Amino acid sequence: MFVLYTYVAYLLISVAVTIWVARTLHQNGRAFLVDAFRGQDALADSVNHLLVVGFYLVNLGWIVMTLRTYQSLDTARSAVELLSDKVGTVLFVLGVMHFFNLFLFSRFRRRALDRLSSVPPILPTRLAPSPEAAR
Amino acid sequence: MTQLTVHYDARCGLCCAARDWIGRQRQLVPIVCVPKPDGRNDLVVTADTGEVWEGDSAWLMVLWALDEYRHWANRLASPALLPTARRMFATLSHYRGEISCRLGLVPQIE
C-alpha cells in the first residue's frame, strides 16, 4: 500500500509545484517579453504562452517518466525517503528549467536593447572631416 | 549615424560574396558598398557622421549594422573576445585571395 500512497503523493506534489512555477513564469516573464518585443503585446503573449506550454510538457513528461520505482516499500520511513528523493529530483529539474527560461527571457531582452542602441561597439580608427575626405 | 559606407576590394571574390551577403541581410543602419578606388588592402567603413573604421574594426562595424549580428558584434567587441576577434578578422583578410580561390569565388561587378 505504501507504494500507491507514495505515487499519489509524488504526483500531487510534483504537479502542484509545476503548476505554481509555470504560473509564476507566465505572470512575471511577460514584462520581459513585452520589453524585448518593443511593446508588441500580442507577440509577447504568444511567445510567453508557447514557452509555458514547453515548460509544462518537459516537466510533466519528466514527472510521469520517473514515477515508477522498483524499490520495495515496507515501512513508512522508506516511503517518505523515496518520496523525498523523487520530489527533490523534480524540484531540481524545475529549477534548471526555470533558469533556462530566465536565460531565454534575458537573451530576448538583451537583443532588443542591442537593436535600440546607437552606440558603435568599437571606437573609430580615425575621424574624417566629411565622408568624402575619408575615402 | 544614418548610413555606413563599406569600401571593399572589388578584385577579391570573397569580398564580392560578402558584399552580396550584406545586401541580403536586414540592416539596422543602411549600408552602401562601394569598390575601393586605390589598391589599399584593408576594409574601410565610413559613417555619414565622419568616423572611419579600418581593418578588423571595420568588420565589427559591418556586423553591428546588421540586425541579426549586432548582438555578435557587441559580444566580439567585449574586452575578453576582442583580441581573438581581431586576429580572426586579420587572418581572414590576409588570406582572402587564397580563400576565394579555394571556394571558387570570382570577383563580380555589381
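How many helices and strands does chain A have? Chain A has four helices and one strand, where helices (H or I, at least four residues) and strands (E, at least two) are DSSP runs numbered from the N terminus. The model is predicted, so local features need pLDDT of at least 70 and side-chain atom pairs count only at pLDDT 80 or more, while totals for chains, interfaces and linings use all residues. Residues are numbered from 1 along each chain as its sequence is written, and chains are lettered from A and ligands numbered from 1 in the order in which they are written.

From the N terminus on, the elements of chain A follow the order α-α-α-β-α. Of the 135 residues in chain A, 19% are buried; a residue is buried if 20 or more other C-beta atoms, placed from the backbone, lie within 10 Å of its own, exposed if 12 or fewer, and partly exposed in between. Among contacts in chain A with a separation of 6 or more, 78% are between residues 24 or more positions apart, a contact being two residues whose C-beta atoms, placed from the backbone, lie within 7 Å.

In chain A, helix 1 (residues 2-36) packs with helix 3 (residues 76-116) at an angle of about 10°, their axes being 10 Å apart. Axes are lines fitted to C-alpha atoms, for helices over the stretch in contact, and angles run from 0 to 180 degrees between N-to-C directions. Helix 1 of chain A is therefore roughly parallel to helix 3 of chain A. Angles under 35 degrees count as roughly parallel, over 145 as roughly antiparallel, 65 to 115 as roughly perpendicular and the rest as oblique. The residues of this contact comprise 22 nonpolar, six polar and three charged; Ala, Val, Leu, Ile, Met, Phe, Trp, Tyr, Cys and Pro count as nonpolar, Asp, Glu, Lys and Arg as charged, and the others, Gly among them, as polar.

Chain B contains five helices and four strands, in the sequence pattern β-α-β-β-β-α-α-α-α. Buried residues account for 32% of its 110 residues. Of the contacts in chain B between residues at least 6 apart in sequence, 70% join residues at least 24 apart.

An open sheet of five strands has the order 1(A)-4(B)-3(B)-1(B)-2(B), with mixed pairing; two strands pair if DSSP finds at least two bridges between them. Its edge strands, each pairing on one side only, are strand 1 of chain A and strand 2 (31-35) of chain B. Strands 1 and 2 of chain B pair in the parallel sense over five bridges, and Y8(B) stands opposite P35(B) in strand 2 of chain B. Helix 2 of chain B packs on the sheet, where it touches strand 1, strand 2, strand 3 (44-47) and strand 4 of chain B.

Helix 2 of chain B also packs with helix 4 (residues 82-94) of chain B, at an angle of about 100° and with the axes 8 Å apart. These two helices of chain B are therefore roughly perpendicular. Helix 2 of chain B contributes D56(B), W59(B) and L60(B) to the contact, and helix 4 of chain B contributes A85(B), R86(B), F89(B) and A90(B).

The contact between the chains takes 17 residues from chain A and 21 residues from chain B. On the chain B side, strand 1 (4-8), strand 4 (51-54), helix 2 (56-65) and helix 3 (70-76) give two or more residues each. The residues on that side are nine nonpolar, seven polar and five charged. Strand 1 (residues 126-127) of chain A pairs with strand 4 of chain B in the antiparallel sense over two bridges, and R126(A) stands opposite V52(B).
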